[in-house]
Amino acid sequence: MKIRIVGGTVVNEGRSFKADIVTENDRIAEIIEDTKTPRGSYNQEVDATGCFVLPGVIDEHVHFREPGLTRKGDIGSESRAAAYGGVTSYFEMPNTVPQTTTPEALASKFTLAREKSHVNYSFFFGATNDNAPLFKQLDCHSIPGIKLFMGASTGNMLVDKTDSLALVFRTAADLGLPVMTHCEDTALINRNMSEAKKRYGDDPPIALHPLIRSAQACFNSSSLAVRLARENGTRLHIAHVSTAAELELITANAPAEALPQITMEATPAHLFFSDADYHDLGARIKCNPAVKTDADRAALRKALADGRITCIGTDHAPHELADKQGGCAKAASGMPMVQFSLPLMLELVDRKVLTIERLVELMSHNPARLFGVNGRGYLRKGCKADIVIVKPHSPWTVTERTIQSKCKWSPLLGHRFSWQIRQTLCNGRLIYNLGQFDESSRGEAINFR
Ligand SMILES: [Zn+2]
C-alpha cells in the first residue's frame, strides 16, 4: 500500500517546507521536496493543498478509564476521539480500576489495547507507597515510565511517605525510567478545604477551587519533586504545571539536542482557560491542579516558547456530565480534551503565542525524544507513517454531534475553531479522512529505547 500526500506544507524539526510525502505500508518511504519529479504510481493520493502536514500528535498524558471506569470512557471510544484529533499515539495513566500498579494489571491493559485501541498506545506504571521493588520486573522498552501521584486526585493513588517517595525516585533512576509526577501538596489542600467548608458549607463554590488547590500547594510539591530528582539523579517530568512560580524551578532555554534532567508538561486547559472562566463554565473546567490566574496562564504561554515547557499532554480525563455538577468538594475533576488539543494549540499559533514549528516540537518531537520512543514523532524516511493533515481558515463549531468521547460533552462546546483536522494516518493507514473513520483500524504498542 502506497499513499502520496500531495501539495502540502510539511512541518518537521524546525522547518516548514513544501513537499510531498510518500508512505509505503506502515512507514514513510520518501519526502519529496522537488515536487516537479514525475509522479510514480500510488494506491491513493491525499490532496493536502493549502494544508499543513505534521507528525501525528503523541499525547503523553491521557486517562482512558479502562478497565473499571468504562461508563466515563474506554480505550476504544477515547482512542477514536484521539484519531479525530490528529493524535496517533498516547501514554495512558494508571488510575484505573484496578490500578496499574502490578505487572499483571499492566499486562492486561496491553491486551485490552491490542484488541481495542485505534491508535498507538502505551501505559505508565503507577507507583504506590510500597511497590518500587516491582519496577525491576517491568519491560523498560514497553512503557514510558513511572507515574507518581505526589498529590491525591481521581483514583486516590497518593504516595505520601517520605521514604517511599525517595525509593521511587532512586529505583527509577537505577533502571533509567523517567518519573512523571502529579504535584500538589495534599496536606495543605486538606487544610484549605476544611477552612473553606467552615465558611461556605460542605461543597464550597467552584470559584474557590484554585484557592483550595492553591498555587502554594503546587509549588511545595513541585519543589519537593525537583529536590528528590536532583538528589537521586532521576529523569523527572512534572505533569500539568499550572503556575508561574513552578516554572521558576527550572532554567529557560534548555537546548533542543540535550536531554534535560527535569522537564515540564502543560495542558491545553491551563493554557487556554483562566479563573475568570469558572463563572461561565463552572465545574466543567474543574481539574487537578486547578486552572489558575490570568498571570499564571500568561507565564505558561511564555514558557512554551522559551523551552521550560517541553511537552503538551492533554490530561484527557472524561467524566459523565452528571459527575461534573456541584462545587469544590462534589464535582469530579478532569475534562475530555484529546480530540481538541491540536486545533486549540493551532489557535495559539494564530495568536502568535508560539510558532507552528514549536507546536510540532511540543506535541510530537519532544514526547518522542524525552521518553525515547522508537521510530515515531518525526516525519523522516523510515519512521512509522503517523501523520496528521490540518487546514487553516476552515471554521467549524464544536457541537454535541462532533464530540467523539464517550461522555459526549466538552468545556469547548460552542467553541468556533478555525483549524480543521482533515486526515489522520496511523502506521501508514488513513484512519480518519474528512469526517470518515475507519472503525477496523488498530494501533500498535509503542516501543521505547
Ligand atoms: Zn492526569
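How many of the 449 residues of the protein count as buried? The share is 62%. Buried means under 20% relative accessible area, exposed means over 50%, and partly exposed lies in between (1.4 Å probe, protein chains only).

1. **What you are looking at.** This is a predicted model, in which local features need pLDDT of at least 70 and side-chain atom pairs count only at pLDDT 80 or more, while totals for chains, interfaces and linings use all residues. Residues are numbered from 1 along each chain as its sequence is written, and side-chain values use heavy atoms, with hydrogens and water left out.

2. **Overall build.** The protein has 12 helices and 20 strands. Helices (H or I, at least four residues) and strands (E, at least two) are DSSP runs, numbered from the N terminus. The C-alpha trace spans about 75 × 45 × 40 Å along its principal axes. A compact globule of 449 residues would have a radius of gyration near 22 Å, and the protein agrees with that, at 21 Å. That radius is taken over C-alpha atoms, and the globule rule is 2.2 Å times the number of residues to the power 0.38.

3. **Contacts across the chain.** Take the contacts between residues at least 6 apart in sequence: 74% of them join residues at least 24 apart. Contact means heavy atoms within 4.5 Å.

4. The accessible surface comes to about 16,700 Å². Carbon and sulfur atoms hold 50% of that surface. Accessible areas come from the Shrake-Rupley method with a 1.4 Å probe; for residues, only the protein chains shown count as cover. There are 52 positive and 50 negative side chains. The centres of the two sets lie 1 Å apart. Lys and Arg count as positive, Asp and Glu as negative; His and the chain ends are not counted. Each charge is placed at NZ of Lys, CZ of Arg, CG of Asp or CD of Glu.

5. Look for an open sheet of 6 strands, with parallel pairing and the order 9-10-11-12-13-14. Strand 9 (125-126) and strand 14 (309-312) stand at the edges with a single partner strand each, so one side of each has no neighbour in the sheet. Two strands pair if DSSP finds at least two bridges between them. Strands of a sheet pair through backbone hydrogen bonds, either parallel or antiparallel.

6. **Walking across the sheet.** Start at strand 10 (residues 146-149), which pairs with strand 11 over 4 bridges. Here F149 stands opposite H182. Next, strand 11 (residues 179-182) pairs with strand 12 (residues 236-238) over 3 bridges. T181 faces I238 in this pair. Another 3 bridges join strand 12 to strand 13, where I238 stands opposite M264. Strand 13 then pairs with strand 14 over 3 bridges. The bridge partner of A266 in strand 14 is I312.

7. **Covered strands.** Which residues cover the two faces of strand 11? V179 and T181 lie on one side, M180 and H182 on the other, and all are buried. Strand 13 has both faces covered too: I262, M264 and A266 are buried on one side, T263 and E265 on the other. With 5 of its 5 residues buried, strand 13 is largely enclosed by the rest of the structure.

8. **A buried alanine.** A229 lies in helix 6 (residues 215-232). Its relative accessibility is 0%, so A229 counts as buried. Beyond its neighbours within four places in sequence, A229 is in contact with F169, T234, L236, Q261 and I262.

9. **Backbone exceptions.** Most residues other than glycine have a negative phi, and most peptide bonds are trans. A cis bond joins V97 and P98, with omega about 0 degrees. P98 sits in the loop between strand 7 (87-92) and helix 2 (103-116). The bond from N288 to P289 is also cis, with omega near -5 degrees. R65 is not a glycine, yet has a positive phi of about 70 degrees. R65 is buried, at 2% relative accessible area. K408 has a positive phi near 60 degrees. K408 counts as partly exposed, at 37% relative accessibility.
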